[in-house]
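Reader: I am new to this structure and would like a close look at one part of it. Please take me through a single strand and its surroundings.

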Amino acid sequence: MKIPVNIGTNKAEIDLNENAVYRIRDGNIEKVDTPGEGFGKQIITWQNGKPSHYEITYTKK
C-alpha cells in the first residue's frame, strides 16, 4: 500500500495509532504487509544502499 506524498513539501502523513512498518525508497513510502495469523517476521533486503524487496513469513502454533 503506497502512502501519498506531498511533492511540494516532500512529506507524507502516517497514522501513529496504527502498528506498522514502512519502507521508503526513492522518495516513495510504502506500508509493508503484515504477517498472517500467528507469529511472524518481516525481512527487508538491501541492494546498493536501497531497500530492494521484502519477505514476510509466519508460524502458527
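Author: In β5, I29 is the bridge partner of I24. Helices and strands here are DSSP runs (H or I of at least four residues for helices, E of at least two for strands), numbered from the N terminus. The model is a predicted one, in which local features need pLDDT of at least 70 and side-chain atom pairs count only at pLDDT 80 or more, while totals for chains, interfaces and linings use all residues. Residues are numbered from 1 along each chain as its sequence is written, and side-chain values use heavy atoms, with hydrogens and water left out.

β4 and β5 pair in the antiparallel sense over four bridges; two strands count as paired if DSSP finds at least two bridges between them. Strand β5 covers residues 28–31 and also pairs with β1, antiparallel, over two bridges. There, I3 stands opposite I29. The three strands form an open, antiparallel sheet in the order β1-β5-β4. β1 (2–3) and β4 (22–25) are at the edges with a single partner strand each, so one side of each has no neighbour in the sheet. Strands of a sheet pair through backbone hydrogen bonds, either parallel or antiparallel.

E30 forms a salt bridge with R23, with the closest N and O atoms 2.8 Å apart; the term means a side-chain nitrogen of Lys or Arg within 4 Å of a carboxyl oxygen of Asp or Glu. Both E30 and R23 are buried, that is, under 20% relative accessible area, where exposed is over 50% and partly exposed is in between (1.4 Å probe, protein chains only).

K31 also lies in strand β5 and counts as buried because its relative accessibility is 16%. Its side chain makes a polar contact with the side chain of E18 at 2.3 Å. A polar contact is a pair of N or O atoms within 3.5 Å; within protein, one must be able to donate a hydrogen and the other to accept it, and residues adjacent in sequence count only if both atoms are side-chain atoms.

The hairpin of β4 and β5 has two residues between the strands, and D26 takes a positive phi near 55° there. D26 is exposed, at 54% relative accessible area. D26 also forms a salt bridge with K50, the closest N and O atoms being 2.9 Å apart. K50 lies in strand β7 (residues 50–59) and D26 in the loop between β4 and β5, so the pair ties together parts 24 residues apart in sequence.
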